[in-house]
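User: I would like to learn how to read aromatic pairs and a few other features in a structure. Please take them one at a time.

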Amino acid sequence: MKEITKLEKTSLSDFTLCGAELLPKLLKQLEESPQRFLRTCTDSLIVCADYVGMTGSIKFPKLLKQLEKRERQRFSYLFEPLKRHGGFMIIDFHTHTFPNELAERAVGALAKSAKICNYLDGTTMDLRRSMKNANIDFSVLLPVATKPEQQGSINEIALEINRHSDETGLLSFGGIHPDNDNYRHILRSLARNGVKGIKLHPVFQQTYIDDLRYLRIISYACECELIVLIHSGYDISHPHLEFSSVPHVASMLDTLHPQKIVLAHMGGWNCWEETEKYLIGKEVWLDTSFSLLPIRSAPDMTQEKSESYRLSPESFLRMVREHGANRVLFGSDSPWGGQAETLAALKETGLTDEEQKAVLGENAAKLLQLPF
């Protein structure tokens with residue numbers, strides 16, 4: 001039996017003894033990132049367990065059992081959803097809200113520009129009501145910085161929202177603009193403060209996704225282990241702009257081979273044939289937002305036009321199976337898509353129960369590293 005005095009990789013056949021001074025470091029690492037902890041130590045790990053009220057040395061599984069008792073109350077908000085849905089949570093990975101004083105104006109302007117009708121009023125209160133009605137446990141908020149100077153206030157709001165996630169079920173990503181020259185500082189700060197990821201919107205930010213300014217942000221975000229969610233495909237407000245068209249997205253992926261990339265709108269809104277040809281099967285996640293429902297018709301939009309913007313259930317099922325259900329995330333694009341309506345539409349696509357569990361929450365929980 002060897003003694004270790006620093007964190008190191010161990011083989012499955014090794015038994016290691018952890019000095020008491022190292023145990024707090026190991027526990028801190030377990031708390032911050034279970035995956036990194038498990039890469040460092042295997043299930044053959046033996047540790048001194050004074051820290052959890054035991055004497056002598058114990059095997060790793062027994063230690064986890066003791067830790068679970070201590071941590072269960074801390075993460076109790078995760079266990080009720082798991083019981084309610086039979087062992088998994090429902091997580092909406094793509095939603096938007098605005099500060100109360102801006103919501104009416106912002107949603108009104110965006111709805112007018114896109115010629116669509118919104119389902120919600122854009123406030124967090126209305127989103128929480130929607131979540132309750134649809135039995136959704138967590139919603140990921142995706143703010144967009146349309147100007148470089150907006151990132152400061154956006155990220156302050158994100159941190160405040162995340163302080164109350166256990167009560168509200170709201171998890172906010174951070175915002176960043178391609179013209180933020182201090183992008184390294186912004187990304188480091190977000191990661192250090194526990195923010196899980198960032199949202200990039202090439203159309204609203206008027207920058208091609210394979211532009212150097214985006215490439216450096218995405219590359220450094222990956223170094224910080226942040227999720228990067230990207231608006232992919234066209235945008236209904238600007239249906240002919242190519243900033244995040246499939247060729248540009250594919251170029252970015254081929255240049256960087258990034259980790260933790262989520263392509264919104266099933267990889268490319270309203271260009272799903274190209275998505276199937278060039279993006280399906282790549283090491284990225286896709287979200288279902290604004291893809292499964294017909295557009296909620298504005299007064300001057302015909303129903304035929306509304307339906308043409310929808311990914312058919314048959315195409316959706318084929319794309320999920322070709323890409324892998326383990327890399328698809330449920331998203332509604334609230335307030336532009338209804339949460340309950342998108343959930344119902346997804347359940348009618350022909351996915352198996354296991355595929356539904358993966359898409360509705362299991363994949364998101366793993367990607368977000370929710371501690372349950």
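User: How many aromatic pairs are there by the ring-centre rule?

Analyst: In general, a pair of aromatic rings is described by the distance of the centres and the angle of the planes. Rings of Phe, Tyr and Trp (its six-membered ring) pair if their centres lie within 6.5 Å; planes under 30 degrees apart are stacked, over 60 edge-to-face, and the rest tilted. By this rule there are four aromatic pairs. The model is predicted: local features need pLDDT of at least 70, side-chain atom pairs count only at pLDDT 80 or more, and totals for chains, interfaces and linings use all residues. Residues are numbered from 1 along each chain as its sequence is written, and side-chain values use heavy atoms, leaving out hydrogens and water.

User: Which geometry do Phe93 and Phe173 have?

Analyst: Their ring centres are 5.9 Å apart and the planes stand at 90 degrees, so the pair is edge-to-face. Helices (H or I, at least four residues) and strands (E, at least two) are DSSP runs, numbered from the N terminus. Both Phe93 and Phe173 are buried, where buried means under 20% relative accessible area, exposed over 50%, and partly exposed in between (1.4 Å probe, protein chains only).

User: What about Tyr183 and Tyr220?

Analyst: The centres of these two rings are 6.4 Å apart with planes at 90 degrees, so this pair is edge-to-face. Tyr183 belongs to helix α9 (residues 183-192) and Tyr220 to helix α10, so the pair ties together parts 37 residues apart in sequence. Tyr183 and Tyr220 are both buried.

User: How many residues does the largest nonpolar core have?

Analyst: In soluble globular proteins, nonpolar side chains tend to be buried together. A nonpolar core is a set of buried Ala, Val, Leu, Ile, Met, Phe, Trp, Tyr and Cys residues joined through side-chain atoms within 4.5 Å. Here the largest has 70 residues, and those with the most contacts inside it include Leu187, Ile198 and Met266. Helix α10 (residues 212-223) gives the largest share of this core, six residues.

User: Is Ser289 buried or exposed, and which side chains make polar contacts with its side chain?

Analyst: Ser289 counts as buried because its relative accessibility is 0%. A polar contact is a pair of N or O atoms within 3.5 Å; within protein, one must be able to donate a hydrogen and the other to accept it, and residues adjacent in sequence count only if both atoms are side-chain atoms. The side chain of Ser289 makes such contacts with the side chains of His94 (3.2 Å) and Asp287 (2.5 Å).
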